[in-house]
Amino acid sequence: MALVPAGEFTMGTPEGTDGLPDERPERRVYLGTFLIDRFEVTNRSYAAFVEATGHRTPTNTKPSVTLWNNGGPLPGIEDHPVVNVSWTDADAFCRWAGKRLPTEAEWEKAARGTDGRRYPWGAEWDIAKANSASYWAGRTVEFQSSADWDAFWLKGDGARLSREKGVNGEVLTLPVGSFPNGASPYGLLDMAGNAAEWVADWYDPNYYKSAPLSDPPGPSRGAIKAMRGGSWLKPAVSLRTTDRDWGVMDSRPSGTGFRCAKDAH
């Protein structure tokens, strides 16, 4: 785990930039010291959890996207991030490990540091520093609409690349830590891309308008959970450190995993 020292950082994006509405207003947030995993939780680690507890294995409603069979991960993906896990699965793993899910604020500070980075590695987008749709395509990919998404992943380059290079001919995860040049200021890997990551908070697009400026815990209630970091499926905009995403608590997407955090005291 990496230690993130106490102090303020800039969270969100300012008005008048290409940040999305749920990232505003930008503000200075103070966080106490905490620890956070340097890597996303792998299939290998998750298999130990399943074996120890009898917890359900990661599955997807689409069999072609399910990467486990006979109680364990497919051969060769032990060090890929576990995906097809729900928020409740992720929460259960972290508790079993003596940890917890990071808050949205902790996740963002760990990803961007105190100098307001747009990406974990710095200000400029670089297709070679994260596992995303752009990395596989060899060019910056942006989706302006669901039609663009379909054109890439269902009919175009993405579909071809998934068939040729994907796990099970479908899922383009890579071993955790495959992009050392994409590390965050605290030495965390894959804070952009590979798997998106569940965080502790309920998701509220308007939370920043009223959130406390010291150790914000997230909304007290909600219907959906926040996730961060973008994934192998995502366009460049979704890999920014400020980008917010969400999912239904019991959904198990093929692009979503997690990492754990821990209080430092």
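A polar contact here is a pair of N or O atoms within 3.5 Å; within protein, one must be able to donate a hydrogen and the other to accept it, and residues adjacent in sequence count only if both atoms are side-chain atoms. This is a predicted model, where local features need pLDDT of at least 70, side-chain atom pairs count only at pLDDT 80 or more, and totals for chains, interfaces and linings use all residues. Residues are numbered from 1 along each chain as its sequence is written, and side-chain values use heavy atoms, with hydrogens and water left out.

**Exercise 1. Find the polar partners of the Arg 240 side chain, then decide whether Arg 240 is buried or exposed.**

Step 1: Go to the loop between β8 (224-228) and β9 (244-248), where Arg 240 sits. Helices (H or I, at least four residues) and strands (E, at least two) are DSSP runs, numbered from the N terminus.

Step 2: Check the side chain. It makes polar contacts with the side chain of Glu 23 at 2.7 Å and with the side chain of Thr 242 at 3.1 Å.

Step 3: Look at the accessibility. Buried means under 20% relative accessible area, exposed over 50%, and partly exposed in between (1.4 Å probe, protein chains only). Arg 240 comes out at 1%, so call it buried.

Step 4: List the surroundings, with contact meaning heavy atoms within 4.5 Å. Leaving aside neighbours within four places in sequence, Arg 240 touches Thr 13, Gly 19, Leu 20, Glu 23, Arg 118 and Tyr 119.

**Exercise 2. Work out which cysteines form a disulfide and what the pair ties together.**

Step 1: Apply the rule, a pair of cysteine sulfur atoms within 2.5 Å. The count comes to one disulfide.

Step 2: Name the pair. Cys 94 and Cys 260 have their sulfur atoms 2.3 Å apart.

Step 3: Get the handedness. The torsion about the S-S bond is about -90°, so this disulfide is left-handed.

Step 4: Check burial. Cys 94 is buried at 0% relative accessibility, and Cys 260 is buried at 1%.

**Exercise 3. Locate Glu 26 and say how far Glu 26 is from Trp 149.**

Step 1: Glu 26 is in the loop between β2 (7-11) and β3 (27-31).

Step 2: With a relative accessible area of 38%, Glu 26 is partly exposed.

Step 3: From Glu 26 to Trp 149 is 123 residues in sequence and 29 Å in space, C-alpha to C-alpha.
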